[in-house]
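Please look over the sequence and the structure below before reading on. The notes that follow are grouped by topic, so that each part can be checked against the view in turn.

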Amino acid sequence: MEKQIRTALISVFYKDGLDELLSALHAAGISFISTGGTRKFIRELGYECTAVEELTHYPEMLGGRVKTLHPAVFGGILGRRELPEDCEQMKQHGIPAIDLVIVDLYPFEETVAGGGTPEEIIEKIDIGGISLIRAAAKNFRDVLIVSSRRQYPALTELIRERGGVTSLAERKAYARRAFACSSAYDSAIFDYFDDGEQTALRMAYDTPKVLRYGENPHQRGLFFGDLERYFDQLHGKEISYNNLQDIDAGVKLISDFTSAPTMAILKHGNACGCASRGTLLEAWQAALAGDPISAFGGVFVSNTAIDAVTAAEMGKLFFEVIVAPDYDNDALQILTSKKNRIILVQKQPLREAWQYRSMLGGVLAQECDFKTELPADFDTVTTQKVTPDEAVDLVFANKLVKHSKSNAITLAKDSQLIASGVGQTSRIDALKQAIEKARSFGFDLHGAVMASDAFFPFDDCVLTAAEAGITAIIQPGGSKNDADSIAACEKRGIAMVITGNRHFKH
């Protein structure tokens, strides 16, 4: 069902790109109705424009809070052209039919993000604009709704090609975008008033990024979000579903390492290599030594700009993604030699307060785990005290175990991840996995430290660690058998510290 646009109501906050659209509308013989600043803008371009006040016979009032909220406006939008009684009422009250509504809402989110005062933020809650959007979208059988200035170019092209004629399918598509716009706007307002309390969950994302597939090729994959907020992609193929999961895990892990140059290598959401050193090259070499087999095809994350020397060493290995705060020009030339490598610059930290996971037809929500234990947080429960070097390694190992899938054990020495046991159904199995892996790559565990993401239910982990040569252990405590583990440490001269903070990651 095609409709000819004859009259357009235009009420926008930003005027960017509006001039070209107005030119196309004017050339198609479409007349304009508008308010305040938008009407002034239209008239300055030389086009005739009816003031909304001429329809309503009321001026703008209450500081501009009331402009379009009137039956003369909404009747022209909501009137059903196929119903004689609607048409008769519109004629009786002198209400002109409005065929096109163009709205650009007050910038509420921008005002919040820019640190606006409470008064400024409240005044950016659009009332008339959101009402116009919903009314026009509801009556999409007769009215075309443009709900964002991002849609101006497409509408301009449509008007020029079709002379102001639209199809039902086109109007419905614009209505769908309009309801997406209104729901996102309301979600942003709710989040502001909720003030981080999570009393309810409202989410709205427009235009998902279509991924090649999901975790497996037979699964569809989409990403709802704004990658460009956090990353610039300098090179490489399209980012995949699994890449995104590893990137998320990697940048969260590296955010806990803020001092010495640190490199982490991730595979399937877990660190298979990580080290902090005086130079990035040394950090890379130590991280790779932790597990040079698993590093193949991995995701590399650095807290330091990538230099040419380090890039040359990295380039010897096949990898999927690298994330860093910056890259030297020579480093980029080396890394871009492989066309599919995904090279990302992280522009800002990923510090969302809450994280979400779909579950059982609903959504699980929890505060993100930003807790990082330092030596001042250690409760030493053994006679044997932690040496300064062990304290550094315990902090290092505990950061890594926090970002490893449970049940998890990490072994570290000299600020290097020697090995980890992750995703195991028992803690002793996680430890055995880590010890076996460390030995397979030739590491000497004497003097190494161990971190556990949760308490030890029995003393078997302490006994196994002692046999391997581990000299210090960090764990949250809280088991009814803590005394057994502590006693086992005492007999073998192992230092144990308890933090009181569990770091499960399922």
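A residue is called buried when its relative accessible area is under 20%, exposed when it is over 50%, and partly exposed in between. The structure shown is a predicted model, and these words are used for it throughout the briefing.

- In helix α12, which runs over residues 280-290, the buried residues are Leu280, Ala283, Trp284, Ala286, Ala287 and Gly290.
- The elements that cover these buried residues of α12 include the strands β11, β12, β13 (298-302) and β20, together with the helix α13 (308-314).
- In helix α2, made of residues 36-44, the buried residues are Thr38, Arg39 and Ile42, and because they cover an arc of only 100° around the axis, they sit on the same side of α2.
- In general, an α-helix has 3.6 residues a turn, so residues three or four places apart point the same way.
- Lys40 and Glu44 are exposed on the other side of α2, whereas the cover over the buried residues of this helix includes β2 (7-12), α1 (18-27), β3 (31-34), β4 (50-51) and α3 (52-56).
- Glycine 46 follows α2 and has a positive phi, near 95°.

**Backbone features in loops**

- As background, most residues other than glycine have a negative phi, and most peptide bonds are trans.
- Histidine 268 is not a glycine, yet its phi is positive, at about 55°; this residue is found in the loop between β11 (262-267) and β12 (270-276), and its relative accessibility of 65% makes it exposed.
- Aspartate 414, also a residue other than glycine, has a positive phi near 55°; it lies in the loop between β19 and β20 (417-421), where its relative accessible area of 52% makes it exposed.
- The peptide bond that joins serine 406 and asparagine 407 is cis, with an omega of about -10°, and asparagine 407 is placed in the loop between α15 (388-402) and β19 (409-412).

- Is aspartate 142 buried or exposed? With a relative accessible area of 5%, aspartate 142 is buried, although its place is in a loop, the one between α8 (128-138) and β6 (144-146).
- The side chain of aspartate 142 reaches the backbone nitrogen of arginine 81 at 3.3 Å.
- Once neighbours within four places in sequence are left aside, the residues in contact with aspartate 142 are Lys3, Gly79, Arg80, Arg81, Glu82, Asp99 and Arg171.

**Salt bridges**

- A search of the whole structure finds 16 salt bridges, and one of the pairs is formed by the side chains of arginine 81 and aspartate 99, which meet at 3.5 Å from N to O.
- This pair links distant parts of the chain, 18 residues apart, with arginine 81 in the loop between α4 (71-78) and α5 (84-92) and aspartate 99 in the loop between α5 and β5 (100-104); both residues are buried.
- Lysine 209 and glutamate 238 also meet through their side chains in a salt bridge, at 2.9 Å from N to O, and they link parts of the chain that are 29 residues apart, lysine 209 being in strand β8 and glutamate 238 in the loop between β10 (231-235) and α11 (241-254).
- Lysine 209 is partly exposed at 28% relative accessibility, and glutamate 238 is partly exposed at 47%.
- Which parts of the structure are tied together by the salt bridge between aspartate 291 and lysine 437? The two side chains meet at 2.7 Å from N to O; aspartate 291 lies in the loop between α12 and β13 and lysine 437 in helix α16 (residues 427-440), so the pair ties together parts that are 146 residues apart in sequence.
- Aspartate 291 is buried at 2% relative accessibility, whereas lysine 437 is partly exposed at 23%.

**A nonpolar surface patch**

- Leu201, Met203, Tyr205, Val210, Leu222, Phe224, Tyr356 and Val363 make a nonpolar surface patch of about 740 Å².
- Within this group, tyrosine 205 lies in the loop between α10 (168-194) and β8 (209-210), and its relative accessibility of 47% makes it partly exposed.

How values were computed. Residues are numbered from 1 along each chain as its sequence is written. This is a predicted model: local features need pLDDT of at least 70, side-chain atom pairs count only at pLDDT 80 or more; totals for chains, interfaces and linings use all residues. Side-chain values use heavy atoms; hydrogens and water are left out. Helices (H or I, at least four residues) and strands (E, at least two) are DSSP runs, numbered from the N terminus. Buried means under 20% relative accessible area, exposed over 50%, partly exposed in between (1.4 Å probe, protein chains only). A polar contact is a pair of N or O atoms within 3.5 Å; within protein, one must be able to donate a hydrogen and the other to accept it, and residues adjacent in sequence count only if both atoms are side-chain atoms. Contact means heavy atoms within 4.5 Å. Patches are made of residues with over 30% relative accessible area and no salt bridge: like charges are joined within 9 Å, nonpolar side chains (Val, Leu, Ile, Met, Phe, Trp, Tyr) within 5 Å. Accessible areas come from the Shrake-Rupley method with a 1.4 Å probe; for residues, only the protein chains shown count as cover. A salt bridge is a side-chain nitrogen of Lys or Arg within 4 Å of a carboxyl oxygen of Asp or Glu. The arc is that of the directions from the helix axis to the C-beta atoms.
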